[in-house]
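Hello,

I am passing on a structure that you have not seen before. Please open it first, and then read my notes alongside it.

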Number of protein chains: 2
Amino acid sequence: MAGPSAKSVKPPRRAAPRASGQSRSGARALVKAAQSAGETAAPVSPPAGRRAQAGEARKGAILGAALSVFARLGLDGASIDAIARAAGLSKANLLYYYPSKDALYVAVLEQGLSRWLAPLARFRREEDPAEAIGALIEAKLAMSRDHPEVSRLFALEMLRGAPLLKPVLAGPLKAVFDAKVAVVQAWVAAGRLAPVEPPHLIFSIWALTQHYADFAVQVRALSGRSLSDKGFMEEAVAAVTALVLDGVRPR
Amino acid sequence: MAGPSAKSVKPPRRAAPRASGQSRSGARALVKAAQSAGETAAPVSPPAGRRAQAGEARKGAILGAALSVFARLGLDGASIDAIARAAGLSKANLLYYYPSKDALYVAVLEQGLSRWLAPLARFRREEDPAEAIGALIEAKLAMSRDHPEVSRLFALEMLRGAPLLKPVLAGPLKAVFDAKVAVVQAWVAAGRLAPVEPPHLIFSIWALTQHYADFAVQVRALSGRSLSDKGFMEEAVAAVTALVLDGVRPR
DNA sequence: TCAAAGTCTGACCATTTGGTCCAAGTTCGA
DNA sequence: TCGAACTTGGACCAAATGGTCAGACTTTGA
């Protein structure tokens, strides 16, 4: 870290195009993002002006670059400058859009949150358990294949002790989690599922699917393959689904 | 990063008590550590001299402090000074024992490697599959409870793309992995296990068990409990074992 | 007992880096 | 068309940090 104490909160001099994810109190913004994650996520009314549009695009590019850099180097390892270069603008210019590294980080986290939360949100009591679980596994595995950086970013944040995400975990995420626990509970009660501890089942599915993104290097080094190989993806879906549904003990 | 280009390789002026984990080419040292990981890990003949003993103790303390700091902040987030303070000595003094941050990081990784590798190494074809798997799960979960920092450090390293561990992954770890894949294969062929893709089974067990260490914050936030609660630990062992062996589909 | 070897510290240095500032464009609406 | 608002980048600043150095203090072994 460097520069004038990252803690000092000083209002920006000029009116920057403050968009969704920049509130200084990152936690609050994240909680809000998480809460609306289940919903269809209305695209925040895209402004019409040509200029505003370009600005929005620029911010998108920054966010994308930041995600990829943060996910690989972590908050500390990533430098604003590296992100700026990756996004194709100057450091000072990036700082015009996002007033600080932390703010950018929060924005990235915030953006990832909905994608990360979405699959579980689709869990419905009315569904067939096996199908619902299969769908969840496939969706999460697809996420691990298509947006591994999101998964990695969250893993990184967890490993740090989730200083920014903790309020989300304790609030909106716990709400979703509890709801889904209830769903699983109901399935078990109805005899539609073997007796399992619902929380552990959910943890297990997360662990199994995210592993392919977070430990992709290891998976690739040991098996020589990755989810981007179509065959391997199918194999993984099949293996995880079979494991969760039927286990490995022979009948 | 800072200071004179971390790349410049210059020999230390004085003879520092060079111990097991400091070779500049971290990769090589790590590979060696991994290879001897299966064995009983002979304690490298503890030197007798009172002085040498104290030195060894100091190094142990440094390694411990470094593990906990690195595991929480990552290589970039951790500062030598923070580690030194945690170990109870001055930065300059720490640098006397480990000539650079990277060297220290490698030493920590190296030390963790054997612990990380051990449980899988105990997999034997002659065992009963269910028992062997159960034992593996329990051992890994115990690791997640007793040494979560090791698991986290490795997770962090994987997320970075494993620049230092890649040779280990491709070499010694792959060797162990392949051997265990063969064991599982044999079990399946003998009908002692349902037909599974062995690599995915191993990945699954790792994922399931390490999750409780790497995502401990999340687990705690959502379930309110952690592996250090005896009851929760038992629950986790039971849940993961049941899942892997029998799945959740009702019979 | 005494010098050689080992251990430890505070001062110091150079680089990286988060962030600021200002002046020079650019775009937009009236 | 013109001024106000918005963008952009180069120079700059100060803190943090990895690492060095020379000298002081200890321990050890002959």
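Below is what turned up, from the pairing of the chains to the cavities and the core. Please keep in mind that this is a predicted model.

**How the two chains relate**

In general, two copies of a chain are related by a rotation about an axis and a shift along it.

**The cavities**

The count comes to 7 cavities of 30 Å³ or more, and I looked at two of them.

The largest cavity has a volume of about 210 Å³. Its lining is made of 22 residues, and L73(A), G74(A), L73(B), G74(B) and L156(B) are the ones nearest its centre. Both chains take part: α2 (50-77) and α7 (148-159) of chain A, and α2 (50-77) and α7 (148-159) of chain B, each supply at least two lining residues. The helix that gives the most is α2(B), with 7 residues. Sorted by class, this lining holds 11 nonpolar, 4 polar and 7 charged residues.

The second largest cavity has a volume of about 80 Å³. Here α9 (198-214) of chain A and α9 (198-214) of chain B are the elements that give two or more residues to the lining. The largest share, 5 residues, comes from α9(A). Among the lining residues are W206(A), H211(A), F215(A), H211(B) and F215(B). By class, the lining divides into 5 nonpolar, 4 polar and 2 charged residues.

**The nonpolar core**

In soluble globular proteins, nonpolar side chains tend to be buried together. The largest nonpolar core in this model has 163 residues, and those that touch the most other members are F70(A), L104(A), I133(A), F70(B), L104(B) and I133(B).

Which residues does L104(B) touch, leaving aside those up to four places away in sequence? They are I62(B), L63(B), A66(B), F70(B), I83(B), L94(B) and Y98(B). One of them, F70(B), is also on the list of core residues that touch the most other members.

Enjoy exploring it!

Best wishes

Terms used: Residues numbered from 1 in each chain as written. Chains lettered and ligands numbered in written order. Predicted model: local features only at pLDDT ≥ 70, side-chain atom pairs only at ≥ 80, totals over all residues. Heavy atoms only, no water. 1 Å grid on protein atoms, 1.4 Å probe; cavity = no way out; pocket = protein on both sides within 12 Å on 5 of 7 lines; lining within 4 Å. Points joined across faces, edges and corners; volume = space filled by probe spheres on them. Helix = DSSP H or I, 4+ residues; strand = E, 2+ residues; numbered from the N terminus. Nonpolar A, V, L, I, M, F, W, Y, C, P; charged D, E, K, R; others polar. Core = buried A, V, L, I, M, F, W, Y, C linked by side-chain atoms within 4.5 Å. Buried < 20%, exposed > 50% of the residue type's maximum accessible area, 1.4 Å probe, protein only. Contact = heavy atoms within 4.5 Å.
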